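Here is a short report on one protein structure. Look over the sequence and the fold, then read on.

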Amino acid sequence: MTGCFSFTASGNRCLRIYFAIAGMKSKQMDLDDGTTMHCWIPKKTSNKPALILIHGFGANAMWQWSSQICPLLRHFNLYVPDLIFFGRSFTTRPERTEIFQSQCVMKLAEKLGVSKFHVVGVSYGGFVAYHLAHLYPDAVQKVVLVAAGISFEEKDMTEGLFDAPDLETAISILLPQTAADLRKLLKLSFVKPPRMVPSCLLKDFIANMVTDRREERIELIKHLTGGRKASDLPVIHQETLIIWGEQDRIFPLELGNRLKRFAH
C-alpha cells in the first residue's frame, strides 16, 4: 500500500501519541556492540518499582502493551523495549537466540540506570524474560510469564501438540505473507477472532509489521526450536507468576503445566 493511506502506519502514529500522553517517551539506545535498542521509558521517574514489559513475536512494544500502559503506570516506572529485529531495534551481530535478546535487555536497563526491576514477558517475550531472570538474579526481582511456551520440546511438533506439524508451517503462521495466513494466525491467537476483516487491511498489516526483517525473525524461530528439551531449562529462583489461557492454541496449556514442574 505504498503511496496511499496505511491503517497500520496510522495505528503506529496513534499509539506513539497515546504513549506520550500517558507519560512515556521514546528512547533509542546504542548498546556499543553494533546493537541499537528502542525503548519507551518514563518521562519522569518516581520511587515506584521498575517494571520491564517484553512483547511477543507478533507485535512491537506499542501494539502489544497499549492496553496495559495506563493501569501499570500508576504502580510502576515502566520500561517497554522493542526486542531485536522488532520495531526500531536491530543489530549487526550474528546472534539470534533468546539469551542474546535477554543480554540486550539487561544492557539497555544498565544504560538507563535501572539496577533492579520486575519483568513481564508474553509469548516469545516470556522466553527472553525467563533467561533474563536466570542470567541476572541480582537484578530481576519478580517474574511474570504469560503464555510463554518455554518448556516446549522439539518433539512436541511431530507428536501433534501444536497446530503446526513442522517448523516451516510454524514459520508461515507466525510470519504470515498472505491475508489467508494472517487470518489463520488470528484464529489461533484469539478465542473469538475478529470477523470480516478486509484482505486489504490484513495485507497492509503484513507489509508494515511482518515483511521488514522477516529473514532475521525466521532465524530467531529456528534458534528457538532446534534440539529443545524441557529438562535442559535452567532453574530460576525469583517469585514467579505463570499466566495461561485454557484455550491457547499457539502454546497449549500443557506447556504451562510443564513449565510449572520444571522452572523451580
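## Val119 and the cores

Val119 touches residues from several parts of the chain. Leaving out residues up to four places away in sequence, its contacts are Leu51, Ile52, Ile54, Ala129, Leu132, Val140, Lys142, Val143 and Val144. The model is a predicted one.

Val119 also stands out in the largest nonpolar core, which has 65 residues. Together with Phe117, Val119 touches the most other members of that core. Helix α5, residues 124–135, gives the most to this core: 7 residues. A separate core holds 16 residues, including Phe19, Leu78, Val120 and Val144. In soluble globular proteins, nonpolar side chains tend to be buried together.

## His55, a buried loop residue

His55 sits in the loop that runs between β3 (50–54) and α2 (61–65). Is His55 buried or exposed? His55 has a relative accessibility of 0%. Buried means under 20%, so His55 counts as buried.

The side chain of His55 reaches a backbone atom. That atom is the nitrogen of Leu83, at 2.9 Å. His55 is also in contact with residues beyond four places in sequence, among them Asn60, Trp65, Pro81, Asp82, Phe86, Val122 and Tyr124.

## Ile84, another buried loop residue

Ile84 belongs to the loop between β4 (77–81) and β5 (90–91). Its relative accessible area is 1%, so Ile84 is buried.

Which residues does Ile84 touch, not counting those up to four places away in sequence? They are Thr35, Thr36, Met37, Ser89, Phe90, Thr91, Phe100, Gln101, Cys104 and Leu220. Ile84 can also be placed relative to Arg217. The two are 133 residues apart in sequence, and their C-alpha atoms are 9.2 Å apart in space.

## Helix α9

Helix α9 covers residues 199–210. Which of its residues are buried? They are Leu202, Asp204, Phe205, Ile206, Met209 and Val210.

## A nonpolar patch on the surface

Some nonpolar residues lie on the surface. Phe5, Phe7 and Leu201 form a patch there. Together they have about 300 Å² of accessible area.

Phe5 is in the segment before α1 (7–22). Its relative accessible area is 56%. Exposed means over 50%, so Phe5 counts as exposed.

Terms used
Residues are numbered from 1 along each chain as its sequence is written. This is a predicted model: local features need pLDDT of at least 70, side-chain atom pairs count only at pLDDT 80 or more; totals for chains, interfaces and linings use all residues. Side-chain values use heavy atoms; hydrogens and water are left out. Helices (H or I, at least four residues) and strands (E, at least two) are DSSP runs, numbered from the N terminus. Buried means under 20% relative accessible area, exposed over 50%, partly exposed in between (1.4 Å probe, protein chains only). Contact means heavy atoms within 4.5 Å. A polar contact is a pair of N or O atoms within 3.5 Å; within protein, one must be able to donate a hydrogen and the other to accept it, and residues adjacent in sequence count only if both atoms are side-chain atoms. A nonpolar core is a set of buried Ala, Val, Leu, Ile, Met, Phe, Trp, Tyr and Cys residues joined through side-chain atoms within 4.5 Å. Patches are made of residues with over 30% relative accessible area and no salt bridge: like charges are joined within 9 Å, nonpolar side chains (Val, Leu, Ile, Met, Phe, Trp, Tyr) within 5 Å. Accessible areas come from the Shrake-Rupley method with a 1.4 Å probe; for residues, only the protein chains shown count as cover. A salt bridge is a side-chain nitrogen of Lys or Arg within 4 Å of a carboxyl oxygen of Asp or Glu.
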